[in-house]
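Please look at the structure shown below. The paragraphs that follow lead through one of its pockets and then through a pair of its helices.

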Amino acid sequence: MVELGQVGVWGHLDSLPASRLRAYARRVEELGYGTLWMPETVGREPFTALGLLAGETRRMRLGTSIVSIWGHDAETTRMAAMTLAEATDGRFVLGLGVSHPHLAGKLRGHAYEKPLTRMREFLEAYRSAVYKGPMATPNPGEPAVLLAALRERMLGLAAGEADGAFPYLFTPQRVAWARGVLDRAAADAGRARPLLAVSMPAVLEDQAGLARDAGRAYLAPYLRTPNYQASWELQEFGPDDWEKPGSDRLVDVMVAWGSAAKLRESIADLRAAGADHIAVIPLDANGVTEHMPVLEALAPR
């Protein structure tokens, strides 16, 4: 199983100009975080941005969480992943996901259909894609592949055809459920224990009103997303919870807030539930994801 470190950092990284982005990555590594993750939405292209950071870091892993299979064909994805594997001496981790209907369809012009089948086909094509570029010496091998997985069948695919899963917006109870699904699927396939990485939005704020305002600002784009609504329903939330601006109950469970000690307790809860790696999403008062004071307070070292 690839070693990501117990705690990492996740962020859109779009609030920082390139010069500050480089400094941010260096500081995240100095603080001892194991992996820096970057998603793909409508901001920076993550393969390019992580390539920019490859030369700024020496130990920390760099990962996509996630890139959409609707936005990249399998050949291009493998070329990008192997290029970053070389540039980082094996520190790159590839996170893949099926994204959401509005992003695949309205934004990219694809028909969002049969996401599980499409992911299975993509993984097969990715593994067989031709790559003849140079490799680092010594050869670090293939980058680990994690799947964004919210439901049982995608978790099963992550255990059987990839190296693990990276679900999003899960309660500790749902993390424990995912751990069980992954482990059973891996055992059935005769494979090693899969990696389970999860994210944790975090607000360093003791005042409930201010903390929830930050959490709501961050969660706002997800409240209208059918995939997350379906996932939350399985976690015993309902339409009243994700109706704008989001219920206190939903915000308090999806976004950790409070003192540094309380945030560490939330990390510990996710670890106890079975997560191998927790990617902290450091939120400022406006829900922006690059708030260094959170990372300073929670630094592993």
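Helix α12 gives the largest share of the lining of the second largest pocket, namely four residues. Helices (H or I, at least four residues) and strands (E, at least two) are DSSP runs numbered from the N terminus. The lining comprises 17 residues, and Asp-252, Val-253, Val-255, Ala-256 and Ser-266 lie nearest the centre of the pocket. Two or more lining residues come from each of β8 (195-204), α11 (248-254), β9 (256-258) and α12 (260-272). By class, 11 of the lining residues are nonpolar, three are polar and three are charged. The volume of this pocket is about 270 Å³.

The model is predicted: local features need pLDDT of at least 70 and side-chain atom pairs count only at pLDDT 80 or more, while totals for chains, interfaces and linings use all residues. Residues are numbered from 1 along each chain as its sequence is written, and side-chain values use heavy atoms, with hydrogens and water left out.

The second topic is a helix pair. Helix α5 (residues 115-128) packs against helix α6 (residues 152-161) at an angle of about 15°, and their axes are 10 Å apart. Because of that angle, α5 is roughly parallel to α6, a term for angles under 35 degrees. The crossing of α5 and α6 is right-handed. In contact (heavy atoms within 4.5 Å) are Pro-115, Leu-116, Met-119, Arg-120, Leu-123 and Arg-127 of α5 with Arg-153, Met-154, Leu-157 and Glu-161 of α6. This contact has six nonpolar, no polar and four charged residues.

Key:
Axes fitted to C-alpha atoms, helices over the stretch in contact; angles between N-to-C directions. Parallel < 35°, antiparallel > 145°, perpendicular 65-115°, else oblique. Left-handed = near helix turned anticlockwise from the far one by under 90°. Nonpolar A, V, L, I, M, F, W, Y, C, P; charged D, E, K, R; others polar. 1 Å grid on protein atoms, 1.4 Å probe; cavity = no way out; pocket = protein on both sides within 12 Å on 5 of 7 lines; lining within 4 Å. Points joined across faces, edges and corners; volume = space filled by probe spheres on them.
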